[in-house]
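I opened this structure to go through its fold, its sheet and its side-chain contacts. My entries follow in the order I looked things up.

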Amino acid sequence: MTTPLHKSILVGAAGLTLAGSVAACAPSTQASSAQGSTPQNTSTQAGASKLATTGSSSSGSYKDGTYSAEGSYTSPNGQETVGVQLTLSGGTISGVDITVHPSNPNTKKFQGEFKDGIAAQIVGKKLDDINVSKVAGSSLTSGGFNQAVETIKSEAK
């Protein structure tokens with residue numbers, strides 16, 4: 001193989017590799033739809049809320065009632081917990097109450113913001129369609145909330 005031909009092949013292969021890498025990193029709403037989920041609201045305003053919906057809608061037959069569970073998550077200050085109480089009617093969330101369990105002032109601030117903003121994000125939505133990622137600037141509390149919701153789902157079946 002001659003040197004100019006060898007260089008052309010290497011440059012072509014490098015270009016294809018780069019193009020493939022860039023394409024793999026690009027956002028794709030078609031890929032999200034194929035997986036059965038919808039894209040997240042990607043608002044970056046301070047205090048904005050994000051809600052991702054999952055495609056695992058099993059048209060769940062949940063029993064009406066009020067259910068409570070604790071969820072835990074890890075913050076920079078260590079392990080934290082948050083209490084979640086959901087009221088269900090026809091598989092739809094009709095009420096929510098959050099019990100904060102702060103271990104320090106920073107956790108108290110974020111759990112309080114989460115508590116104040118969560119109802120606007122989930123009340124009126126189907127239980128199977130919620131998966132909270134960030135509420136009112138609090139992103140870590142949502143991990144504990146989502147864990148508690150999974151427990152509630154299993155209890156309400």
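The entries below run from the whole chain down to single pairs of side chains.

**Entry 1: the chain as a whole**

I note at the start that this is a predicted model. I looked up the secondary structure and found 4 helices and 5 strands in the protein chain. Reading along the sequence, I get the pattern α-α-β-β-β-β-α-β-α. I then checked burial: of the 157 residues in the protein chain, 29% are buried. For contacts I took residues at least 6 apart in sequence, and 57% of those contacts join residues at least 24 apart.

**Entry 2: the sheet**

Which strands make up the open sheet, and in what order? I found 3 strands in the order E2-E3-E4, with antiparallel pairing. E2 and E4 are the edge strands, since each of them pairs on one side only. On average, neighbouring strands of this sheet are turned by 25° against each other, direction ignored.

I took the pairings one by one. E2 covers residues 65-75 and E3 covers residues 78-89, and the two pair in the antiparallel sense over 11 bridges. E2 and E3 form a hairpin, with 2 residues between them.

The other pairing joins E3 to E4, residues 92-101, again antiparallel. I count 9 bridges there. Thr 81 stands opposite His 101 in E4, and Val 82 has Val 100 in E4 as its bridge partner. The hairpin of E3 and E4 also has 2 residues between the strands, and in this hairpin Gly 90 takes a positive phi near 65°.

**Entry 3: helices on the sheet**

Which strands of the sheet does H3 touch? H3 packs on the sheet and touches E2, E3 and E4. The direction of H3 makes about 175° with that of E4. H4 packs on the sheet as well, touching E2, E3 and E4. For H4 I noted the angle to E2, which is about 145°.

**Entry 4: aromatic rings**

I searched for ring pairs with centres within 6.5 Å. The count comes to 1 aromatic pair. The rings are those of Phe 114 and Phe 145, with centres 5.5 Å apart and planes at 55°, so the pair is tilted. The pair links distant parts of the chain: Phe 114 belongs to helix H3 (residues 105-122) and Phe 145 to helix H4 (residues 141-156), 31 residues apart. Are these two residues buried or exposed? Both Phe 114 and Phe 145 are buried.

I also looked for charges over ring faces. Lys 109 lies over the face of Phe 110, at 4.2 Å from the ring centre. Lys 157 lies over the face of Tyr 62, and the distance to the ring centre is 4.6 Å.

**Entry 5: salt bridges**

How many salt bridges does a search of the whole structure find? The search returns 2 salt bridges.

One of them is formed by the side chains of Glu 113 and Lys 109, at 3.4 Å from N to O. Both residues are in helix H3, 4 residues apart, so about one helical turn separates them. Glu 113 has a relative accessibility of 25% and counts as partly exposed. Lys 109 is also partly exposed, with a relative accessible area of 42%. I note that Lys 109 is the residue already listed over the face of Phe 110.

The side chains of Lys 153 and Glu 150 meet in a salt bridge too, at 3.3 Å from N to O. These two are 3 residues apart in helix H4, which again means a separation of about one helical turn. Is Lys 153 buried or exposed? Lys 153 has 10% relative accessibility, so this residue counts as buried. Glu 150, at 47% relative accessibility, counts as partly exposed.

Technical notes. Residues numbered from 1 in each chain as written. Predicted model: local features only at pLDDT ≥ 70, side-chain atom pairs only at ≥ 80, totals over all residues. Heavy atoms only, no water. Phe/Tyr/Trp six-rings, centres within 6.5 Å; stacked < 30°, edge-to-face > 60°. Buried < 20%, exposed > 50% of the residue type's maximum accessible area, 1.4 Å probe, protein only. Lys NZ or Arg CZ within 6 Å of the ring centre and 35° of its normal. Salt bridge = Lys/Arg side-chain N within 4 Å of Asp/Glu carboxyl O. Pairing = 2+ DSSP bridges. Axes fitted to C-alpha atoms, helices over the stretch in contact; angles between N-to-C directions. Contact = heavy atoms within 4.5 Å.
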